[in-house]
Amino acid sequence: MHKLIDELVQYHRHKATVVADIQVLIPAVEKGNVNARDELGGIFASFSSDGEKAHHHNEELVLHELVKSKKPIHARIERTAEEHVVFGQLVQRLCSEISGPFDEPAVLVANIQWFLTQYDDHASNEEAILFPAADRELSTIAWSRVGKNWIDLT
Ligand SMILES: [Fe+2]
Ligand SMILES: [Fe+2]
């Protein structure tokens with residue numbers, strides 16, 4: 001596996017631990033526990049962090065080179081960049097729901113779970129389709145272009 005693809009996969013592994021931390025807090029948030037909700041807000045903010053934006057940027061560099069290579073691209077990864085934009089908007093909305101005077105914890109929790117399902121689905125598609133295709137199809141020159149614009153997260 002190319003080392004830059006490995007970096008993307010490692011980020012997904014890290015994010016899975018963040019999601020696990022969120023899931024631990026969910027039952028208390030659902031019961032209306034204010035401290036758990038504050039803690040959840042702090043953890044959830046990582047979905048709009050510089051690291052998250054850099055991860056999306058790096059994936060889009062890889063996708064861009066794949067598109068440029070003219071190899072057939074699976075429809076499920078064509079919308080990767082658009083999904084990143086939608087996630088950014090959803091995260092903003094959820095962050096204000098978490099910190100705002102939202103009095104229906106069950107609805108808040110359902111919205112968060114829905115987002116996490118979409119996020120997981122997106123990451124799974126990247127791991128199953130985008131990353132292997134890039135690993136297989138990108139030339140050394142394409143990888144050097146990716147590397148030049150890569151935002152280092154390590
Ligand atoms: Fe992504
Ligand atoms: Fe990703």
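This is a predicted model: local features need pLDDT of at least 70, side-chain atom pairs count only at pLDDT 80 or more; totals for chains, interfaces and linings use all residues.
Which residues touch the most other members of the largest nonpolar core? Residues are numbered from 1 along each chain as its sequence is written, while chains are lettered from A and ligands numbered from 1 in the order in which they are written.

**View 1. The largest nonpolar core.** Of its 13 residues, Ile 5, Val 62, Leu 63, Leu 66, Leu 130, Phe 131 and Ala 134 touch the most other members; a nonpolar core is a set of buried Ala, Val, Leu, Ile, Met, Phe, Trp, Tyr and Cys residues joined through C-beta atoms within 7 Å. Here a residue is buried if 20 or more other C-beta atoms lie within 10 Å of its own, exposed if 12 or fewer, and partly exposed in between, with C-beta atoms placed from the backbone. Two or more residues come from each of α1 (3–30), α3 (50–68) and α6 (105–137), and α3 gives the most, with four residues. Helices (H or I, at least four residues) and strands (E, at least two) are DSSP runs, numbered from the N terminus.

**View 2. Around Val 62, and a second core.** Leaving aside neighbours within four places in sequence, Val 62 is in contact with Leu 130, Ala 134 and Val 146, where contact asks that the C-beta atoms of two residues, placed from the backbone, lie within 7 Å. A second, separate core has nine residues, including Leu 25, Val 29, Leu 40 and Phe 47.

**View 3. Helix α1 and its covering.** The buried residues of α1 are Leu 4, Ile 5, Leu 8, Leu 25 and Val 29, and what covers them includes α2 (34–44), α3, α6 and α7 (140–149). Just after α1, Gly 32 takes a positive phi of about 90°.

**View 4. Asp 21 in helix α1.** Asp 21, which has its place in helix α1, is partly exposed because 15 other C-beta atoms lie within 10 Å. From Asp 21 to Pro 72 there are 51 residues in sequence and 38 Å in space, C-alpha to C-alpha.

**View 5. The setting of the close-ups.** The protein chain holds seven helices and zero strands, and buried residues make up 19% of its 154 residues.
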